[in-house]
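Open the model in your viewer and switch to a cartoon view. We will walk through two spots together, selecting a few residues at each stop.

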Amino acid sequence: MSLFETPRQITQLSREAIDTVAPGNLMGYDDLAPLVPSLTTMAPAGDYSVEPFIRGLPATVFRNGMLVGLESYGTSGVLPNFYAYENIDIVQGPVTAVYGAREMASGYANQITKQPYYDKFRGAAQYSIGMYDQNRWNIDIGGPFANGKAAYRFDYAGQYSGSYYEGAYMHSQDFYLAVSAKPTENYWIDSNVEWDTLGFNFPLGINRPDQALIDSGLYQSGNMIGWLGPNGNFHPGIGTSVPGQGYVIQWGPQLPISLRNNLADLAGSGNFLNYGVAQLIQTLVVSDDLRIVNNTMFEYLSVLQNPLANSNWTYTPGDWLIEHRLEAQAELHTDLAGLSTKHMLDGGMFFWFEKNTDYTETSRIADNFWNMAKPLSRSNLLPPVTMSEALRAQNIYLTDIPVPGIPYITYNTDNFATASSEFFQFSPFLQDVISLGEKWSFIFGSRLQWYIVANSDPPGTPPPLMLQSYYSILEPQVNASLSYKPYPWMNAYFTYAYAQVAAMDVLGAFCPEFTSKYYHLTTTMYESGVKFNLYHDKLFLSTEGFYYSTFFPVTVLPGGFTPITPADVIGAELAGTYQPNANWSFNFGFDYLVGEEFWTQSAAQTGPTVIQNYSAAVAALYNLPVDPYVTLPTGIYPFIGFPHEHGTTMITYKSDHGFGASFWLWIQSGMFLSYDYATRIPIDYTLNASLFYGTNRWKIQLQCYNITDNHYWFPTGTGFQGDRVYNYDKILIGLPFWVMGTVTVYF
């Protein structure tokens, strides 16, 4: 279907558009926010957006139509290699029945990988260098072989970069190969293989955030002098507190602090990740009205996260999955009471098998006991919690367990992140796009997802802590859209979607503590919009209103039970593109969002649990402990860390002689850090520019980011993310003014 006739808001990001915003490899989907009105900047402090956040909610990622399955909830999993993509389709609204909803997705991104060159050999070499020790490079070549019946494309991207933030870095090597063949006119094969290896350290930001730090760069100093055990008993020195108690600080004055400071700036801190993916797509054209598509994909992921300042381990020796979708795409023409009717049918079966072994340590997460007014030291890390200590705390799941064969890494159980999981999924699906004459169209899609799941705690777990679960689950999904085009330049539509999906752990698996209700989480969506095509295809406008009724993902907190809590998001959007001629283009968009958590409907009959529900300034004023793990009263809570307004605008000029420039503005409203709604991040914005000159043989480009050097901040978790409960534990300042230059040579 054409973009104008599709009852979804769709933004197609070309390779040129991606390179305009960031010619070097992007770090996450947040970097694409200036190009997509609905793409909110939601990556928390200390993480990158591995999935886009659309309308304030995480969106699902697909690779040439197949689910990228080893990631979940937007910030956990595989960092995307944007060099491997030819373009990206950002789609708002429900995931189609063909692809299938996996989480409470508000939309999806379909990554279209680079395709081989069939016409002739060609290539490009690129190098980017920038402030704060940025070094990135790329080689992209391809061409035909086998007398033009086959072709290839190879891409290599590397990075050896430091960071504005002390101790943060990114070292990566990414390899991509695509090979395609057309043995006959009616049958062709497309394949791609990718291998990425990354070593990196996240910028976790600064702890003890309060209004003075946000507004004036003043840090609340003070040293930890002890911790509180069960019943609030004070223990001097370094130790691990139990939930509900916290750490005792001898508070000092508020002091100026370097905003480049980083909680992860410790010797040995870092993350290591290996990711592999292979995909084979076969297409058989049976006739003009029927084709068969066979799509198979394999993924592999291994992760080692060294202990950060909060002693939080993650170790994944090697998760993997295989997906396969067999589908038939048909077009039928009929007459209904004299009305010409066309059906575009797409139906088939999807298969998925995944195996995960994930070790995660969460019991010692506490950031505010550190005094960042002086250098951090590993000698002050919190010690492991033994089983005897956990028993005394009446919470055996706090126990830190050595990973078999790697005793210096510890983990604990019942935290919705540690698991040994295997599951099958079988999903028949059918979608029909019905065109009724020239003005009406109707889309109906349905899918049934059948899971067979076996979960347990991973090898090495002591028998008293071992949990197991086995389930056979059916999840129905359905969506429908009605479109009406009263004039050739106007299309109005209404969409409804219902889906049952399963809660996932941080790397896309299931956990043994999941009960059956975790596999039947209901999300519904209503959307209505109008699209306009004006001034002879020069001005495109769209406006939508939408409502999501969904649920909060599992929040990883020690102690086991975390309830599933309903949440709603309601909003509206206006977006437009104006291209008066080949030289000028203008893009703009604006979103308004409201989100609420309904803890009145929670099974726990409590409110949210947060690590600390008051700022460092309040803690110092009233001599309160830090990181006590506070459970709030039941009630309806507006989203925290959540900007209600979000806007983008971009102006691009290209001369006929190779010169060009782009200017873009990203802006979002202020947001409160926590449920006391007292400490607020003000309005965030950045104004950026790209200047370039090129010929058929080469191109030079200069990127200027945050031209006004505005100070803007990111909380630990935004709105819908589980990490929002740490928002009073750390905050990250955005990058100041910085410059990057890129040289590209074509051959």
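## Two stops among the strands

Start by selecting Ile206 and Ile731: Ile206 stands opposite Ile731, which belongs to strand 41. Keep in mind as you look that this is a predicted model.

Now widen the selection to residues 730-733, which make up strand 41; strand 13 pairs with strand 41 in the antiparallel sense, over 2 bridges.

For the second stop, select residues 60-63, which form strand 4. Are its side chains buried or exposed? Show them and check both faces: Thr60 and Phe62 lie on one side, Val61 and Arg63 on the other, and all four residues are buried. In general, side chains of a regular strand alternate between the two faces of the sheet.

Then select residues 66-67, or strand 5, which runs antiparallel to strand 4 and is joined to it by 2 bridges. Here Phe62 has Leu67 of strand 5 as its bridge partner.

Finish at the hairpin of strand 4 and strand 5, where 2 residues lie between the strands. Click on Asn64 there: its phi is positive, near 50 degrees.

Terms used:
Residues numbered from 1 in each chain as written. Predicted model: local features only at pLDDT ≥ 70, side-chain atom pairs only at ≥ 80, totals over all residues. Heavy atoms only, no water. Pairing = 2+ DSSP bridges. Buried < 20%, exposed > 50% of the residue type's maximum accessible area, 1.4 Å probe, protein only.
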